[in-house]
There are 2 protein chains.
Amino acid sequence: MVETSDAKNRARRSSGRPTLADVARRAGVGTITVSRALRDPKRVSVERRDRIFTAIDDLGYVLNPNASALASARAAVIGVLVPSLTNNVFAEVLRGIHDGLRDSRLQIQFANTHYSDVEEERLLRVFLSQHPSGLIVSGIDQTPATRTLLEKAGCPVVQIMEIGPDPVDMMVGFSHFEGGRTVTQHLVDAGCRRIGFLGARMDPRSHRRLSGYKAVMEAAGCFDPAFITTTTLPSSVSIGGDLFRMAYAKTPNIDALVCNNDDLAMGVLFACQRASLPVPARISLAGFNDLEMMAVAFPSITSIRTPRFEIGRQAIAMVQAALAGERPANAIVDLGFELKIRESTTRSNILNR
Amino acid sequence: MVETSDAKNRARRSSGRPTLADVARRAGVGTITVSRALRDPKRVSVERRDRIFTAIDDLGYVLNPNASALASARAAVIGVLVPSLTNNVFAEVLRGIHDGLRDSRLQIQFANTHYSDVEEERLLRVFLSQHPSGLIVSGIDQTPATRTLLEKAGCPVVQIMEIGPDPVDMMVGFSHFEGGRTVTQHLVDAGCRRIGFLGARMDPRSHRRLSGYKAVMEAAGCFDPAFITTTTLPSSVSIGGDLFRMAYAKTPNIDALVCNNDDLAMGVLFACQRASLPVPARISLAGFNDLEMMAVAFPSITSIRTPRFEIGRQAIAMVQAALAGERPANAIVDLGFELKIRESTTRSNILNR
DNA sequence: TTGTAAGCGTTATCAG
DNA sequence: CTGATAACGCTTACAA
């Protein structure tokens with residue numbers, strides 16, 4: 001290799017990759033002009049812009065995001081905090097976020113809080129140290145310390161999954177209380193009275209669904225705490241079966257079951273099949289989230305379709321809008337949900353036996 | 001606000017957060033000593049170390065990762081490229097990666113290639129521009145261009161999910177060909193002869209499982225291309241049902257079905273139930289991956305348990321070891337798989353009717 | 001619209 | 001073991 005012409009006595013630490021200065025030199029302009037051409041081409045004359053982009057291509061120049069982040073005190077990164085990765089629901093939210101980020105120079109960096117407030121706060125601090133361009137966090141039950149960190153983050157913040165009265169900045173989700181209400185009311189309307197509730201994990205959102213269930217049951221005059229069976233264990237299909245067996249042992253006369261989510265419902269269905277308890281003839285069954293599987297199960301399972309993918313899309317769109325200086329008309333976006341009525345809660349079908 | 005004592009005529013751009021220099025001043029040492037105390041405490045005398053950490057606590061100092069990345073030409077980030085997020089399998093790999101990263105200052109940054117080579121290359125370039133500390137990519141079928149980028153990445157690289165003869169750097173996974181062979185052989189051993197294969201997505205790993213299936217069928221003298229039904233559509237439970245109906249229409253005399261993955265198998269089970277075709281009495285059924293659900297389905301479904309979580313753990317462990325200068329004894333780690341035999345392939349059980 | 005100079009906060013270098 | 005100094009590659013502030 002020929003020695004660099006401006007090599008000094010001091011060793012240089014260059015990585016060897018072309019820099020903005022190299023591009024500027026080749027294009028015969030100042031470095032700042034190149035920087036501007038990259039960030040906001042409109043601010044540079046067409047003539048120079050062409051020369052610059054030619055030089056960039058010739059050199060194979062790629063912007064160094066670390067240097068950029070240091071100089072501007074702003075990393076091109078959106079931090080995302082989710083409580084779980086195994087949970088299909090969050091996988092879809094992430095998919096929505098990524099999808100909304102196509103052809104954006106923003107990167108997403110996410111972390112798993114494992115449903116722990118302490119972890120959430122710790123991870124948030126890690127994120128904040130990088131000066132992210134935006135933050136997406138799950139739920140509305142942050143600790144006061146976490147909330148303060150979010151308020152002082154100095155970047156757009158979106159709380160996702162549910163909505164509440166007091167956003168840190170922006171919010172997108174739906175009402176889990178109403179979701180719980182809606183599915184339970186459907187069962188009541190279908191003539192069920194001894195409706196059990198099965199719940200796992202029991203995070204704040206699960207509790208709000210349970211509240212919705214209680215509200216309906218009380219209004220219908222058929223509430224009984226014995227109908228409720230929950231565990232703090234993580235949700236899974238097999239836990240669904242376990243919860244069913246506990247509930248059935250406790251209250252064998254139940255005529256319907258509302259499950260905190262679809263995994264549990266699936267487990268209940270299998271357990272019922274194994275115990276020769278026909279669904280819905282003997283027991284009606286409903287889930288929550290409407291995983292793809294629910295529509296094709298046998299019998300197909302009634303569920304509340306929640307807009308996971310859309311929540312992700314919308315959240316990232318809100319961040320980008322805020323970054324572009326546009327304040328949303330509404331800082332709280334309720335994406336709602338949809339009750340999907342299927343065979344598992346329809347007694348008048350051919351499945352009865 | 002009181003003006004900073006050393007404020008010059010030029011505006012300063014400080015973010016206001018304490019810096020290494022602030023810590024150094026307070027501890028009465030040089031900045032580089034603080035930097036060293038943070039990165040490798042053993043290189044600093046105990047006395048100063050204490051003074052430094054006290055100062056850090058007093059000031060609430062947090063290292064600026066952007067400045068660090070610029071100065072060292074190394075970001076504390078591991079880039080992870082996966083082909084899908086909806087796929088449960090990759091969600092578990094990510095969980096394994098995160099789990100292996102607890103109490104490490106490394107962050108993970110991941111991206112979704114959507115099973116596209118072009119996207120993979122593009123995303124890899126984005127990652128590389130940040131000088132990541134490590135890279136984890138899925139599969140072994142990178143394009144030549146992508147492979148070259150990986151070879152010149154200048155950081156540890158781990159290819160995950162499967163193993164092959166020619167790693168870029170390191171590899172951890174298992175043989176999908178052997179997986180396909182094993183499950184098919186099990187069916188042959190169980191007396192099945194007209195064994196169908198159902199596949200969705202058909203990425204390279206799916207093809208290798210199919211090859212394993214073919215090998216066994218040919219060896220058993222019962223191979224027939226009509227037994228194979230595949231689609232390039234993404235895998236899902238409902239696609240499983242569709243594929244089953246196609247296969248059953250084409251070859252109604254099949255006595256068993258090997259599914260490319262568990263989603264499909266689940267869909268087949270539901271479709272069989274709906275069509276009153278008892279599993280396994282009329283049709284034996286096997287999946288691939290052994291999702292949690294398979295063990296509690298009714299009937300429970302035979303599957304190949306693949307070490308997803310462990311792959312993630314091992315991959316990140318290999319990156320960390322390499323970063324610590326330890327070269328692994330073996331650059332290729334075969335984590336194997338396990339055949340889980342269940343009711344869906346056991347004809348002599350009480351489910352027969 | 002463009003450029004100059006100064007910084008962003010950390011780490012590599014090399015001398016002590 | 002410690003520290004002064006010069007990078008790292010980009011962007012902000014300000015002036016032209």
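**Exercise 1.** Which residues in helix 4 of chain A meet which residues in helix 4 of chain B?

*Solution.* The model is a predicted one, in which local features need pLDDT of at least 70, side-chain atom pairs count only at pLDDT 80 or more, and totals for chains, interfaces and linings use all residues. Residues are numbered from 1 along each chain as its sequence is written, chains are lettered from A and ligands numbered from 1 in the order in which they are written, and side-chain values use heavy atoms, with hydrogens and water left out.

Step one is to list the contacts, where contact means heavy atoms within 4.5 Å: A:Asn66, A:Ala67, A:Ala69 and A:Leu70 meet B:Asn66, B:Ala67, B:Ala69 and B:Leu70. By class, this contact has six nonpolar, two polar and no charged residues (Ala, Val, Leu, Ile, Met, Phe, Trp, Tyr, Cys and Pro count as nonpolar, Asp, Glu, Lys and Arg as charged, and the others, Gly among them, as polar).

Step two is the geometry. The axes of the two helices, each spanning residues 65–72 in its chain, come within 8 Å and cross at roughly 135°; axes are lines fitted to C-alpha atoms, for helices over the stretch in contact, and angles run from 0 to 180 degrees between N-to-C directions. Helix 4 of chain A and helix 4 of chain B are therefore oblique to each other (angles under 35 degrees count as roughly parallel, over 145 as roughly antiparallel, 65 to 115 as roughly perpendicular and the rest as oblique). Helix 4 of chain A passes helix 4 of chain B in a left-handed crossing, that is, the near helix is turned anticlockwise from the far one by less than a right angle, clockwise being right-handed. Helices (H or I, at least four residues) and strands (E, at least two) are DSSP runs, numbered from the N terminus.

**Exercise 2.** Describe how helix 6 and helix 7 of chain A pack.

*Solution.* The axes of helix 6 (residues 117–129) and helix 7 (residues 144–151) of chain A come within 10 Å and cross at roughly 20°, which makes helix 6 of chain A roughly parallel to helix 7 of chain A. The crossing of helix 6 of chain A with helix 7 of chain A is left-handed. From helix 6 of chain A, A:Glu120, A:Glu121, A:Leu124, A:Arg125 and A:Leu128 meet A:Ala145, A:Thr146, A:Leu149 and A:Leu150 in helix 7 of chain A; these residues divide into five nonpolar, one polar and three charged.

**Exercise 3.** What is the strand order of the six-stranded open sheet of chain B, and which strands stand at its edges?

*Solution.* The order is 2-1-3-4-5-11, with parallel pairing; two strands pair if DSSP finds at least two bridges between them. Strand 2 (107–112) and strand 11 (332–334) of chain B each have a single partner strand, so one side of each is left without a neighbour in the sheet. The twist averages 15° from one strand to the next. Strand 1 (residues 77–82) and strand 2 of chain B pair over six bridges, and B:Val82 stands opposite B:Asn112.

**Exercise 4.** Locate the cis peptide bonds that join A:Val279 to A:Pro280 and A:Phe298 to A:Pro299.

*Solution.* For the bond from A:Val279 to A:Pro280, omega is near 5°, and A:Pro280 lies in the loop between helix 11 (262–274) and strand 9 (284–286) of chain A. For the bond between A:Phe298 and A:Pro299, omega is about -5°, and A:Pro299 lies in the loop between strand 9 and strand 10 (303–305) of chain A.
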